[in-house]
Amino acid sequence: MSPAHPFDASIPVLTEVLDDEPVVLEPAAVQQAPVPQPQPNEWETLERQLCERILAQLQSRVDFVLEQRIKDSMEEVLSHALRGLTAEIRSGLHDTLSKIVSRAVAQELTHLQAQKK
């Protein structure tokens with residue numbers, strides 16, 4: 001399925017863009033300004049600031065990863081505990097209901113036998 005007009009003539013094609021005048025960088029423009037060298041006491045300040053920034057960035061990443069891992073672990077632990085607790089409650093409820101029904105039936109039978117006499 002091809003379009004009726006393959007391209008828009010108002011949009012330049014790559015060869016037209018590249019055929020324009022080439023960009024020539026002068027050697028002076030390529031050179032960068034010299035980096036000033038810190039004084040000995042400034043090195044300590046620079047080192048401390050750099051350490052603080054790196055630690056802050058690492059701490060935010062560690063916090064995120066730690067939170068994710070804890071969530072994943074807690075989800076698994078809580079799911080396992082919930083299954084165990086549900087089974088225990090179900091079993092206890094079954095036993096309790098069984099005892100209640102047996103006692104009620106026994107009382108009713110005793111009551112009916114007493115009426116027949």
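## A starting residue

Met-74 is partly exposed, at a relative accessible area of 39%. Buried means under 20% relative accessible area, exposed over 50%, and partly exposed in between (1.4 Å probe, protein chains only). Met-74 sits in helix α3, which covers residues 40–116.

This is a predicted model: local features need pLDDT of at least 70, side-chain atom pairs count only at pLDDT 80 or more, and totals for chains, interfaces and linings use all residues. Residues are numbered from 1 along each chain as its sequence is written, and side-chain values use heavy atoms, with hydrogens and water left out.

## The chain overall

The chain has three helices and zero strands. From the N terminus on, the order is α-α-α. Helices (H or I, at least four residues) and strands (E, at least two) are DSSP runs, numbered from the N terminus.

Of the 117 residues in the chain, 0% are buried. The accessible surface comes to about 11800 Å². Carbon and sulfur atoms hold 62% of that surface. Accessible areas come from the Shrake-Rupley method with a 1.4 Å probe; for residues, only the protein chains shown count as cover.

## A nonpolar patch

Met-74 also belongs to a nonpolar surface patch of about 830 Å². Patches are made of residues with over 30% relative accessible area and no salt bridge; like charges are joined within 9 Å, nonpolar side chains (Val, Leu, Ile, Met, Phe, Trp, Tyr) within 5 Å.

## Salt bridges

Side chains of opposite charge can pair when their charged atoms come close. The rule for a salt bridge asks for a side-chain nitrogen of Lys or Arg within 4 Å of a carboxyl oxygen of Asp or Glu. The count by this rule is two.

Glu-52 is partly exposed at 45% relative accessibility. Arg-48 is partly exposed at 43%.

Another links Lys-71 to Glu-67, with the closest N and O atoms 3.4 Å apart. Lys-71 and Glu-67 are also four residues apart in helix α3, so about one helical turn lies between them. Lys-71 is partly exposed at 45% relative accessibility. Glu-67 is partly exposed, with a relative accessible area of 45%.
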